[in-house]
Protein chains: 2
Amino acid sequence: MKNTIRRLPDAEQEVMQAIWACQPPVARADIERILFETHPMAMTTLLTLLTRLCEKGFITIEKNGRRSYYTPSISQEDYIAAQGKTFIEKLCGGSLSVLANALCDSGLTKDEIAQLRNLLERDEL
Amino acid sequence: MKNTIRRLPDAEQEVMQAIWACQPPVARADIERILFETHPMAMTTLLTLLTRLCEKGFITIEKNGRRSYYTPSISQEDYIAAQGKTFIEKLCGGSLSVLANALCDSGLTKDEIAQLRNLLERDEL
DNA sequence: AATTATGCTCTACAGTTGTAGAATATAGTT
DNA sequence: AACTATATTCTACAACTGTAGAGCATAATT
């Protein structure tokens, strides 16, 4: 669980989400299909982003004939946890009360807040 | 409480934090002093960032003689809440359990998690 | 009034990001 | 073997970001 993971630009992050949603190794077509829902783009655009993600160490690419397969090098859990840490430190200035307020004002309903509290309780063990 | 607030690039966000930390309207020297701790930069760099923040609608600039004074147009609370919303939606896919896990893995201690739960309880009312 | 100091705006530039067409390589087909 | 379809890599470019010097305007000083 590496805790210094750079924040990805939006488009690349979107691609990672698609990759994480699949069983690795992932074919381009699968990524494309998922992205089509959330963030449609030209195929070459996707391939550019995949190359950049590889350069940044977020995925590895293996090629089989003319096809490439993509495997995440960083787990979604680690990435989200690292971004959460950054959020708390950089945005909330490390203050949990600021964080709590942000969560409450972020549009979550009372029920959802209660649910979140329960989930935190369970994870506390 | 506007809920569509763009995410600022790091340097600009850092400047906003400094501005939010002061009583508006804020003089450049005050911002500079605070930034010196976290993110030192040339004075002209700071002024460039202030201009961009104004163009983006995050602050207003009033000038008095050759001096300028800066006032936030967007509150820190609104900004953090909006980013929190984006975090939950874009990164956690809207899943509270994913969010809870992220918080637990983000380096918070058990005590801090418990504290956060209490804060959420209080805000729930 | 002339000179100097100071605070801001303009200009600049390299690196990043979003986007995608052109070119290339390879697998499938006739 | 020649042709066609397809998957990837190269090249390109505009907008954004981080950074700061050059130039300009105005206030302070001599």
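Analyst: Let's look at DNA strand D and the protein around it. Of the atoms of DNA strand D within 4 Å of the protein, 59% are sugar or phosphate atoms, and the rest belong to bases. Keep in mind that this is a predicted model.

Who is doing the touching? DNA strand D is surrounded by 22 residues, and the closest are R66(A), S68(A), T48(B), R52(B) and K56(B). Sorted by class, this surface has 7 nonpolar, 7 polar and 8 charged residues. As for where they come from, helix 3 (43-55) and strand 3 (67-72) of chain A, plus helix 1 (10-20) and helix 3 (43-55) of chain B, each put in at least two residues. Helix 3 of chain B gives the largest share, with 4 residues.

Now zoom in on some individual contacts. T48(B) has a polar side-chain atom 2.7 Å from a base nitrogen of DNA strand D. The side chain of T44(B) also points an N or O atom at a base nitrogen, 3.1 Å away. A42(B) meets the backbone of the DNA instead: a polar backbone atom of A42(B) is 3.1 Å from a phosphate oxygen.

Sugar and phosphate make up 62% of the atoms of DNA strand C that come within 4 Å of the protein. The side chain of R28(B) places an N or O atom 2.9 Å from a phosphate oxygen, the side chain of T45(A) has one at 3.3 Å, and D10(A) uses a backbone N or O atom at 3.3 Å. The elements giving two or more residues here are helix 1 and helix 3 of chain A and helix 3 and strand 3 (67-72) of chain B. This time helix 3 of chain A supplies the largest share, 4 residues. By class, the surface near DNA strand C has 6 nonpolar, 7 polar and 8 charged residues.

Helix 1 (10-20) and helix 4 (76-91) of chain A, with helix 1 and helix 4 of chain B, each give two or more residues to its lining. There are 20 lining residues, and R7(A), Q13(A), Q83(A), R7(B) and Q83(B) lie nearest the centre. Take Q83(B), which sits in helix 4 of chain B. Q83(B) counts as buried because its relative accessible area is 5%, under the 20% cut-off. Leaving out residues up to four places away in sequence, Q83(B) touches F87(A), L91(A), I5(B), R6(B) and R7(B).

F87(A) comes back in the largest cavity, where the lining also includes F87(B), L99(A) and L99(B). Helix 4 and helix 5 (96-105) of both chain A and chain B give two or more residues each to that lining. By class, the lining has 9 nonpolar, 2 polar and no charged residues. The second largest cavity is lined by K90(A), D10(B), Q13(B), E14(B) and Q17(B), which split into no nonpolar, 2 polar and 3 charged residues. Helix 1 of chain B gives the most there, with 4 residues.

Definitions and conventions
Residues are numbered from 1 along each chain as its sequence is written. Chains are lettered from A and ligands numbered from 1 in the order in which they are written. This is a predicted model: local features need pLDDT of at least 70, side-chain atom pairs count only at pLDDT 80 or more; totals for chains, interfaces and linings use all residues. Side-chain values use heavy atoms; hydrogens and water are left out. Buried means under 20% relative accessible area, exposed over 50%, partly exposed in between (1.4 Å probe, protein chains only). Contact means heavy atoms within 4.5 Å. A residue is near a molecule or strand if one of its heavy atoms lies within 4 Å of it. A polar contact is a pair of N or O atoms within 3.5 Å; within protein, one must be able to donate a hydrogen and the other to accept it, and residues adjacent in sequence count only if both atoms are side-chain atoms. Ala, Val, Leu, Ile, Met, Phe, Trp, Tyr, Cys and Pro count as nonpolar, Asp, Glu, Lys and Arg as charged, and the others, Gly among them, as polar. On a 1 Å grid over the protein atoms alone, a cavity is a set of points where a 1.4 Å probe fits but cannot get out, and a pocket is an open set with protein on both sides within 12 Å along at least five of seven lines; lining residues have an atom within 4 Å of a point.
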